[in-house]
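Hi,

Here is the structure I promised to pass on.

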Amino acid sequence: MKKTAALLYPRSTAARQAVSLDGMWKFRLDTQGSGIVDGWKDGIGPADTIPVPASFQDFFTDKNSREYTGDFWYETEFFVPPERKGKSVYIRFGSVTHRGTVFVNGAEIARHEGGFLPFAADIAKRANYGGSNRLVVKGNNELSETNLPVGRTTSLPDGRKAAKPYFDFFNYSGIQRPVRLLALPKTAITDLSLIPRLNGDKAELEYAVETLVETGEEMEARLSVLDEEGRIVVEAQGAKGVLAIPNPRLWKVRDAYLYRVWARLYRNGELLDEWYEDSGLRTVEIRGTELLLNGESVYLKGFGKHEDADLIGRGYSLAHIKRDFELMKWIGANSFRTSHYPYAEEVYLMADREGFLVIDEAPAVGLFDTTNNALDTVRGKKKVPFFDKETLPELLETHLKAVQDMIARDKNHPSVIAWSLFNEPEDTSETAIPYFKAVFDAALDSDPQKRPRTFAVIMFSRPDTSKGCQFSDFICLNRYYGWYVLGGCDIDIAEQALRSELDGWKAQHLNKPFMFTEYGADTDSGLHKLPSVQWSQEYQIEALEMNHRVFDAYDFIKGEQVWAFADFQTGEGIHRLDGNKKGIFTRQRQPKAAAFYLKNRRESLPENYKSRSNI
Ligand code: GCB
């Protein structure tokens, strides 16, 4: 996406104002698909009201609203003060899922594809200054094989559309993240890149400020780095540079120290723009089978998560973000993966503050459709591997953009230690190779810090069949031995099968760290059983114990992230009991029995568990 001052995280400063437009907005499902023809861009007519931000699905009491697929419309009014005239005025959406078109006072001013990243609509020419303005957003939540996340949209006999996700989470949608009205200077900072470097006990911060400057203007960029007490530790002039940080305090796992980096733009001594990022001094590196943070080996203890909660669906909730971090601290975790899409910006800000390590995942989930292919095979059609599909070139374009935009948004967070570029793609065909190469190259090109890249490897991809693993800097395995494979009474055989798979990976001599990014068992928080059965709380503990026994036996396993942090909503079906129940916590964020077992284990493992010096 073109860099604009409005895409930077919205902060009010001496030069910028960010005003929340969140609240109750008018809302209407476009069940007849007539919104455009009927001119809803000028006002959506008789409508309901719902909270923004939130997913719209779980407020209503009828199934058609919950399962609705198609266009949906939002409307609100906002006031633009007269003194904003002459400024850049934008509306910034944290996300509109999965796509949105924005109209202000009847004029279309922006379109955006992709439901998990921010975009901004320039309203300067359309705004009514000193008066009221009508904001209308047409959202759409259809799924396809050319957009992310991947799925399909079918038509029901009565004409309704139905979303068919190729992924295991509910297709929540709507205006799910905060909306803000921004007033920004015309001559503005459009980007700031920070690269921390460590050398012995010395630390440096390389920086680059990008600006949007009207032609011929003489600008001066300045940078100030402040410590947590607000004292200036170093200052610099110029749009680029390398700063030595005196007496550096490093950003460490669960012991974060943040420097505030102010970028300012001046003309003849007059301040035109200012903006800041909180940055941490830390390095991330893969060396052999070790993941190194600040040159020290770190073992990931954590979770795969979802943005998911009662009533709000995938909607932004600071309360849930806070509770989740408290639970992760309580249980002795140090990391999580933003499965299966980039989360709200505020999640990363809290991870920065709390010293959590984040594997930041692109919304590239569902690049696998064996089930559909299986039906085709029964019907006598040839199975088409996912990466052989005709839709691939278009999907790749969407994917590259999603990766580039995710990295542009999240590149300065000290908490982000790696990019996960896919979840469980069907990576066993030769045709996956050029696709993977393009996506992995794009991530490297986009990231000033050149962080490690990875993807989560599905069960069916094995040491001898995965074509994608060659691109990963470290290997992330999603494995369900003891659940989908050899579950229940067969758990002893599952253990043998897991060991034999790991022996296979070992024999490949990849000399890379491995992490388990998913393992676990569905568990009903009300079910106890002696002896255990699948779904009981006792069995969840047994499944975790079995996995951990195996992980502990292999030195190259350098991390364990249980699936999942909390129970979450999925589409209905015979394999899901009102959602996925693999949570260590319930959807209401209360512990299952396994949480106490896991707390014990996690607290007993040192942060540098299995480091060479520890073996
Ligand atoms: C997986 C997927 C995750 C599912 C999980 C499960 O492999 O990555 O999205 O929710 O398995 O529980 O089946």
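Before the notes, one definition: a residue is called buried when its relative accessible area is under 20%, exposed when it is over 50%, and partly exposed in between. Keep in mind too that this is a predicted model.

If you want a distance to go with it, the C-alpha atom of P591 is 23 Å from that of R549, and the two residues are 42 apart along the chain.

Q57 is another loop residue, found between β3 (48-52) and α1 (63-66). Is Q57 buried or exposed? With a relative accessibility of 1%, Q57 counts as buried. Its side chain has a partner as well: there is a polar contact of 2.8 Å with the side chain of S173.

Now the ligand. There are 13 residues around the ligand, and the ones that come nearest are D168, H340, E424, Y484 and K582. Sorted by class, that shell holds five charged, four polar and four nonpolar residues.

A few side chains put polar atoms by the ligand's oxygen atoms:

- E424: an N or O atom of the side chain is 2.4 Å from an oxygen atom of the ligand.
- H340: a polar side-chain atom lies 2.7 Å from an oxygen atom of the ligand.
- R576: the distance from a side-chain N or O atom to an oxygen atom of the ligand is 3.1 Å.

How much of the ligand does the protein bury? On its own the ligand exposes 330 Å², and the protein buries 92% of that.

Last, take a look at helix α6, which runs over residues 432-446. Which residues of α6 are buried? They are A432, Y435, F436, V439, F440, A442 and A443. Looking down the axis of α6, you'll see these buried residues fall within an arc of 155 degrees, so they line one face of the helix. On the face turned away from that buried side, α6 carries the exposed residues P434 and D445.

That's what I have for now.

Cheers

Methods
Residues numbered from 1 in each chain as written. Predicted model: local features only at pLDDT ≥ 70, side-chain atom pairs only at ≥ 80, totals over all residues. Heavy atoms only, no water. Near = heavy atom within 4 Å. Polar contact = N/O pair within 3.5 Å; in protein donor to acceptor, adjacent residues only side chain to side chain. Areas by Shrake-Rupley, 256 points an atom, 1.4 Å probe, with all protein chains shown as cover. Nonpolar A, V, L, I, M, F, W, Y, C, P; charged D, E, K, R; others polar. Helix = DSSP H or I, 4+ residues; strand = E, 2+ residues; numbered from the N terminus. Expected span 1.5 Å × (residues − 1). Buried < 20%, exposed > 50% of the residue type's maximum accessible area, 1.4 Å probe, protein only. Arc of directions from axis to C-beta.
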